[in-house]
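Reader: I've got the sequence and the model open side by side. Can you walk me through them in plain talk?

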Amino acid sequence: DDAASDPSIGSDTIDNILGQNINQQPLKNPETKFTPDPKHAPWTHKPLCAKALDPTAEGEFKKVRKRFCVHSFARKAKDAHSAAIIMPPSLAETTSEFLDEDPKIQFLNDKQIEKWNEKSRSYEVVDIEGKGKGVKATRKIRQFETFMFDQAAIVVDLELEGKLKIVSKNTTQETLIVRAVERMNDSSLIESLSTGGGGKKKGEERYWMQLMERNAFGTNLGEVDVKALFPNAARINHACNPNAFVMFSPSGLSIGIKAYRDIEVGEEITISYLMLGMTSHQRHANLERWGFKCTCDLCSSPPDILAASDARRKRISAAEAKLVSHWQAKKFGAAIRLAEEVVELMKVEELTPMLTDEYVMLAKLHLMAGDRHTAEEHADTAIEILKNLGFLGKDGYEDDEGPWDMERLMKLYGDEMSIKRNAPDEAAS
Ligand SMILES: C[S@@+](CC[C@H](N)C(=O)[O-])C[C@H]1O[C@@H](n2cnc3c(N)ncnc32)[C@H](O)[C@@H]1O
């Protein structure tokens, strides 16, 4: 695609601009604040580029270099923060038409938008003991309400963290992020984010990489896996049994934060940084990336209660493999009993989003066993949960394709048995 041989019209190689290792430089050098230039539209600045290659490539592929550029974007809406897309130019181009999408329109229906006004704001960022800052509810938030919106501020193509290595002189992924932040007219929003207690301090090597790691969500824009920083949502702390979750718009560039349950005034708003359903040991290991020891209600419950929760979670994941083998052996009765047990375990563990897949499974199993009536009941339960969580669109049941029923649900889930879980933030991989 964006091989080095491409003419790089309208872009600068970062080498040409940098004479030194800027990791050590303070940010906000006023000289690096360029005046937006319409000739680079839709971007505000000439894209800044670096070249990367795959060090494991063989033969002629060794020479293939891909260009990754910082594409800066100023959003039009008042109060909307600016964005930087660090991707190959052709991919960045495809995001530009969505960068100005109104996040509210992505998640609220017409009636809800009409009722929405700034007074609807339901949260504030405050200091939370032992966690740095966090977000608390300033009014009662109703179960399943979408109460917070955000737009991506920095998006980094994960190829840069995977197999590709930047080979442009004096340039690292860190450099690209620094440049991205510098070009924002509201860079303070990003600069004020936290790397956590004991995290790197400004000026330290890889400070900005750590800031991204501790604050950004892993997600995808179409086919491209990215890390995306949503600066307002980045203030929300983790809980293993959270009261809220993140939903992405179809473009991946907007998010809505939705409540799993009622949240009272003064209550801290939390999301899970992890896939749901992990045992305490897995959670502990996976949270290392964020540099804190989890003291959420679940992790700090008495040993016997924690052990019982872990046992249920182990049983739930073990059941997945067993269900597959029952299914393959056409042992539908055994599979149904197992799936019913899993449903009960998930209810105790409050793993609501995971329940939908289990009910879909039960619907399929009953269909296979020839009991259409029971299958439809389970399908209805799955649809109800999916609708409440907002996974069936803004209006729930009704849309252009008509009401949701079992047939449509089965199509959505594919004909194959899918054990794919609906964790809202596979985000925090
Ligand atoms: C995405 S930020 C959340 C907002 C952050 N507390 C702040 O002050 O901006 C992630 C960081 O918050 C802290 N954090 C998040 N959840 C926590 C929790 N349950 N307990 C302690 N610290 C937590 C950790 O330092 C983590 O690296």
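**Strands, cores and the ligand shell**

Author: Let's start with a strand pair: β13 and strand β14 (residues 254-259) run antiparallel to each other and are joined over five bridges. Strands here are DSSP runs of E, at least two residues long, and helices are runs of H or I of at least four, numbered from the N terminus. Two strands pair if DSSP finds at least two bridges between them. This is a predicted model, where local features need pLDDT of at least 70 and side-chain atom pairs count only at pLDDT 80 or more, while totals for chains, interfaces and linings use all residues. Residues are numbered from 1 along each chain as its sequence is written.

Reader: What is the bridge partner of valine 246 in β14?

Author: Stay with the antiparallel β13 and β14 pair. Across from valine 246, the partner in β14 is isoleucine 257.

Reader: Which strands stand at the edges of that sheet?

Author: The sheet is open and has three strands in the order β7-β14-β13, with antiparallel pairing. A strand with a single partner has one side left without a neighbour in the sheet, so the edges are β7 (146-151) and β13 (244-248).

Reader: Which residues does isoleucine 154 touch?

Author: Isoleucine 154 is among the residues that touch the most other members of the largest nonpolar core, which has 63 residues. Such a core is a set of buried Ala, Val, Leu, Ile, Met, Phe, Trp, Tyr and Cys residues joined through C-beta atoms within 7 Å, and contact likewise means backbone-placed C-beta atoms within 7 Å. Leaving out residues up to four places away in sequence, isoleucine 154 touches Ala84, Ile177, Ala180, Ile190, Met212 and Leu229.

Reader: Which element gives the most to the shell around the ligand?

Author: Of the 22 residues around the ligand, Gly132, Lys133, Ser194, Gly196 and Asn237 come nearest. The elements giving two or more residues are β6 (132-137), α7 (207-215) and β12 (237-238). With three residues, the top contributor is β6.

Technical notes:
A residue is near a molecule or strand if its C-beta atom, placed from the backbone, lies within 6 Å of it. A residue is buried if 20 or more other C-beta atoms lie within 10 Å of its own, exposed if 12 or fewer, and partly exposed in between; C-beta atoms are placed from the backbone. Two residues are in contact if their C-beta atoms, placed from the backbone, lie within 7 Å.
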